[in-house]
Amino acid sequence: MIRGDHPELGVSQQCRLVKLSRSAFYYMPVGIDAKTLALMKAIDRVFTKYPFFGSRQIAAYLRRDGIVAGRHRVRRLMAKMGLEAIYKRPKTSQPHPRHLDLSRFRAAPSARLSHFSFECDGAFPAQC
């Protein structure tokens, strides 16, 4: 697509034509080193045992095992591996909105209570 040895167009002009930054053209990805890979394996081992642990608890657990890694690094690696703690999400006890819609049911005939007499039995005089 972009050639560095083009006879008429320079790299800057070619990148501008395809709307690509020059830094993206020259970027060379860096692989994962052995220490990070070992840390990722340790995080995966802990997460498999305790899937409800978040990044803070995993970092503390690893620290007890002698592996020193900050919470933010653990969080970044968990996100890279696609790991997310299992916990109760907000609004899980609210019913589905369709279940609240009662207009789809016909209204039942209401009972007429106007002919009954309610006498106060003295238990709750404020309601008499």
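Helices here are DSSP runs of H or I with at least four residues, strands are runs of E with at least two, and both are numbered from the N terminus. By that rule the protein has six helices and zero strands. Read from the N terminus, the order is α-α-α-α-α-α.

This is a predicted model, in which local features need pLDDT of at least 70, side-chain atom pairs count only at pLDDT 80 or more, and totals for chains, interfaces and linings use all residues. Residues are numbered from 1 along each chain as its sequence is written, and side-chain values use heavy atoms, with hydrogens and water left out.

**The whole chain**

Start with everything shown as a surface. Accessible areas come from the Shrake-Rupley method with a 1.4 Å probe, and for residues only the protein chains shown count as cover. Of the 128 residues, 18% are buried. A contact means heavy atoms within 4.5 Å. Take the contacts between residues at least 6 apart in sequence: 38% of them join residues at least 24 apart.

**Stop 1: the N-terminal end**

Select Met 1. Met 1 lies in the segment before α1 (11-17). Its relative accessible area is 88%, so Met 1 is exposed. Together with Met 1 they make a nonpolar surface patch of about 520 Å². Patches use residues with over 30% relative accessible area and no salt bridge; like charges are joined within 9 Å, and nonpolar side chains (Val, Leu, Ile, Met, Phe, Trp, Tyr) within 5 Å.

Next, pick Gln 14 in helix α1. Is Gln 14 buried or exposed? Gln 14 is buried, because its relative accessible area is 7%. Beyond neighbours within four places in sequence, Gln 14 contacts Met 1, Ile 2, Arg 3, His 6 and Leu 9. Look for the backbone oxygen of Arg 3: the side chain of Gln 14 reaches it at 2.8 Å. Such a polar contact is a pair of N or O atoms within 3.5 Å; within protein, one must be able to donate a hydrogen and the other to accept it, and residues adjacent in sequence count only if both atoms are side-chain atoms.

**Stop 2: Thr 36 in α3**

Move to Thr 36, in helix α3. Thr 36 is buried, at 12% relative accessible area. Its side chain makes a polar contact of 2.5 Å with the side chain of Asp 33. Setting aside neighbours within four places in sequence, Thr 36 also touches Arg 73 and Leu 77.

**Stop 3**

Find Pro 51, in the loop between α3 (34-49) and α4 (55-64). Pro 51 is partly exposed, with 27% relative accessibility. Which residues does Pro 51 touch, not counting those up to four places away in sequence? They are Glu 84, Ala 85 and Ile 86. Pro 51 and Glu 84 are 33 residues apart along the chain, yet their C-alpha atoms are separated by 8.0 Å.

**Stop 4: helix α4**

Color Ser 55, Ile 58, Ala 59, Tyr 61 and Leu 62, the buried residues of α4. They fall within an arc of 165° seen down the axis, so they line one face of α4. The arc is that of the directions from the helix axis to the C-beta atoms. This buried set packs against α3 and α5. Turn to the other side of α4: Arg 56 and Arg 64 are exposed there. Just after α4, Gly 66 has a positive phi of about 95°.

**Stop 5: the salt bridge**

Show Asp 65 and Arg 45. They form a salt bridge, with the closest N and O atoms 3.9 Å apart. The pair links distant parts of the chain, 20 residues apart: Asp 65 in the loop between α4 and α5, Arg 45 in helix α3. The rule asks for a side-chain nitrogen of Lys or Arg within 4 Å of a carboxyl oxygen of Asp or Glu. The count comes to one salt bridge.

**Stop 6: helix α5**

End at α5 (residues 71-81), where Val 74, Leu 77 and Met 78 are buried. They sit on the same side of α5, because they cover an arc of only 105° around the axis. Their cover includes α3 and α4. The face turned away carries exposed His 72, Arg 75, Ala 79 and Lys 80. Gly 82 follows α5, with a positive phi near 80°.

Methods: Buried means under 20% relative accessible area, exposed over 50%, partly exposed in between (1.4 Å probe, protein chains only).
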